[in-house]
Amino acid sequence: RVGALTLNTGENILRTAVLDSANGFAYFGTNTSPGIVVKVRLSDFTRVGALTLNTGENTLLSAVIDSAGVAYFGTNTLPGRVVKVDLASFTRVNALTLNTGENNLTAAIIDPIRNVAYFGTNTSPGIVVAVNLATFARDSAMTLNTGENLVTSGVMDTANCYAYFGTQTGPGIVIRKACITPPPTPTPTATPTDTPTATATNTPVPPTDTPTNTPETSTSTPTD
C-alpha cells in the first residue's frame, strides 16, 4: 500500500472510474444524487476538481472513456441515462436517456474501433444497450434470456468483434454478443455555388453618316 486519498465531504461511495492515461488523471463517479465526477491527478495523487451532474443524473454505476478523452457515465435511474463528459475541459456535454425498462446501468464496455459503447442493465432479464458514440444516440438493445439477470460486468474483444457480459446470478452466466458496426456518419455534401454568368455588354456603334445626294444643276449655254 503506497497511500490513500480522502475526497471532500459528500463525494461518497465511489462505484465506477475511468483512467485518462495520456494525461495522467483518473475520474471517479459517486453513488450520490446527483452524481459527482471527481478528478484525481496521478502524478502527485491529489484531488484537483469535481463536476456535479444535473438533477436526476444519480448514482454513477458504470463508465467508459474513448480515445478522444470523452467519458460516458451510466446512472442508476429509471430509465438509465448516459452522461457525456469532456475531460479536457471537465464539463458536462450532454445526456442520453434510454428507453423505458432500460434501467440501472451497472456495466459498461467500449468498442473503440467501431466507436460503440455497451451498457448492461440491472434488470431481470438483463438488457444490453448499444450507444453510437459518434452520434451519441441509442443504436439498439438486446434483451437476454430468462434467468440471465442483472448485468454487472463486461469485457470487449475488439479483435474478434465480441462483447462478453457477466450476470449477478448463482451460478453466474457469461453472455457472448457479436458487436455491431453502425453505419458511418454521413459527410455533409457541399452545396454547389452557382457561378454567375457574365452578361454581354453591347457597345454602342456610332451612327454612320448617310450620304446626301446633291442635285445636279444643268447650265445651258445660249446659242447665237
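Mentor: Start at the hairpin of E5 and E6, with four residues between the strands, where Gly69 takes a positive phi near 80 degrees. Before going on: this is a predicted model, where local features need pLDDT of at least 70, side-chain atom pairs count only at pLDDT 80 or more, and totals for chains, interfaces and linings use all residues. Residues are numbered from 1 along each chain as its sequence is written, and side-chain values use heavy atoms, leaving out hydrogens and water.

Trainee: What counts as a strand, and when do two of them pair?
Mentor: Strands (E, at least two residues) are DSSP runs, numbered from the N terminus. Two strands pair if DSSP finds at least two bridges between them. Here, E5 and strand E6 (residues 70–75) pair in the antiparallel sense over five bridges. Leu60 stands opposite Thr75 in E6.

Trainee: Is strand E5 mostly covered or mostly exposed?
Mentor: Buried means under 20% relative accessible area, exposed over 50%, and partly exposed in between, with a 1.4 Å probe and protein chains only. Strand E5 (residues 60–65) is mostly covered, with six of its six residues buried.

Trainee: Which strands form an open sheet, and in what order?
Mentor: Four strands do, in the order E1-E2-E3-E4, with antiparallel pairing. Strand E1 (14–20) and E4 are the edge strands, each pairing on one side only. Within that sheet, six bridges join strand E3 (residues 36–41) to E4, and Arg41 has Thr46 in E4 as its bridge partner.

Trainee: How many salt bridges are there?
Mentor: The rule asks for a side-chain nitrogen of Lys or Arg within 4 Å of a carboxyl oxygen of Asp or Glu. That gives five salt bridges. One of them joins Arg92 to Glu57, with the closest N and O atoms 2.7 Å apart. Arg92 lies in strand E8 (residues 91–97) and Glu57 in the loop between strand E4 (46–52) and E5, so this pair ties together parts 35 residues apart in sequence.

Trainee: Why does Glu57 count as buried?
Mentor: Because its relative accessibility is 2%. Arg92, at 28%, counts as partly exposed.

Trainee: Which residue forms a salt bridge with Glu102?
Mentor: Arg138 does, the closest N and O atoms being 2.7 Å apart. Glu102 sits in the loop between E8 and strand E9 (105–111), and Arg138 in strand E12 (residues 137–143), 36 residues apart. Glu102 counts as buried at 5% relative accessibility, while Arg138 counts as partly exposed at 29%.

Trainee: And are Arg114 and Asp111 buried or exposed?
Mentor: Both Arg114 and Asp111 are buried, and their side chains meet in a salt bridge at 2.9 Å, N to O.
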